[in-house]
Amino acid sequence: MPLKVGDIITFERTFTVRDVELFIEISGDGGIHHLTPDEQGRLVVQGLLTATLPTKVGGDNNVLARTMNFEFLRPVVTGDTIICEVKIEKYERQENKNNRTAITASFVCENQDEKEVLKGDFSGVIL
């Protein structure tokens, strides 16, 4: 079913210590704050790992992103469940550009306490 302007797609994920460890292996982003547990045994989740939530929604819909803007509002720690809502702002066929569909979406990610942790937008084309 094609997307349309106004659609809201939701995805959630609970981040684990293993997620942080794997992201360190892949990205090399192993700052001390990602390696040293706090007094409750939690690690700070990398910002770009948190940003995989809206990019997953894009991937699920075959979006080839051209721009992505992220505003990181507060830390995410292991054990947090992050709920990401992506809203389709623009979705239009481009007849003169290889018949692709242009898409623009905004997103807000909140933790389990309903506090915003990340917001932003992306644009691109549907493959």
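In this predicted model, strands E4 and E5 pair in the antiparallel sense over ten bridges. Within this pairing, Ser-106 has Asp-121 in E5 as its bridge partner. The two strands, E4 and E5, form a hairpin, with five residues between them. The turn includes Glu-114, whose phi is positive, at about 60°.

Strand E5 also pairs with E2. The sense is again antiparallel, and the pairing runs over nine bridges. Here Glu-71 stands opposite Lys-119 in E5. E5 spans residues 116-126. Of its eleven residues, eight are buried, so strand E5 is largely enclosed by the rest of the structure.

Aromatic contacts were examined next. The structure holds three aromatic pairs. In one of them, Phe-70 and Phe-107 have ring centres 5.8 Å apart. Their planes meet at 50°, so this pair is tilted. Phe-70 belongs to strand E2 (residues 63-72), and Phe-107 belongs to strand E4 (residues 100-110). The pair therefore ties together parts that are 37 residues apart in sequence.

A charged side chain accompanies another ring. Lys-56 lies over the face of Phe-11, at 4.7 Å from the ring centre.

The structure holds zero disulfides. A disulfide is a covalent bond between the sulfur atoms of two cysteines. For Cys-84, the closest cysteine sulfur is that of Cys-109, at 3.0 Å. The cut-off for a disulfide is 2.5 Å, so the two sulfurs of Cys-84 and Cys-109 are too far apart for a bond. Cys-109 is accordingly in no disulfide, with the sulfur of Cys-84 as its nearest cysteine sulfur. What is the relative accessible area of Cys-84, and is this residue buried or exposed? Cys-84 is buried, with a value of 0%. Cys-109 likewise counts as buried, at 0% relative accessibility.

Terms used: Residues numbered from 1 in each chain as written. Predicted model: local features only at pLDDT ≥ 70, side-chain atom pairs only at ≥ 80, totals over all residues. Heavy atoms only, no water. Buried < 20%, exposed > 50% of the residue type's maximum accessible area, 1.4 Å probe, protein only. Phe/Tyr/Trp six-rings, centres within 6.5 Å; stacked < 30°, edge-to-face > 60°. Helix = DSSP H or I, 4+ residues; strand = E, 2+ residues; numbered from the N terminus. Lys NZ or Arg CZ within 6 Å of the ring centre and 35° of its normal. Pairing = 2+ DSSP bridges.
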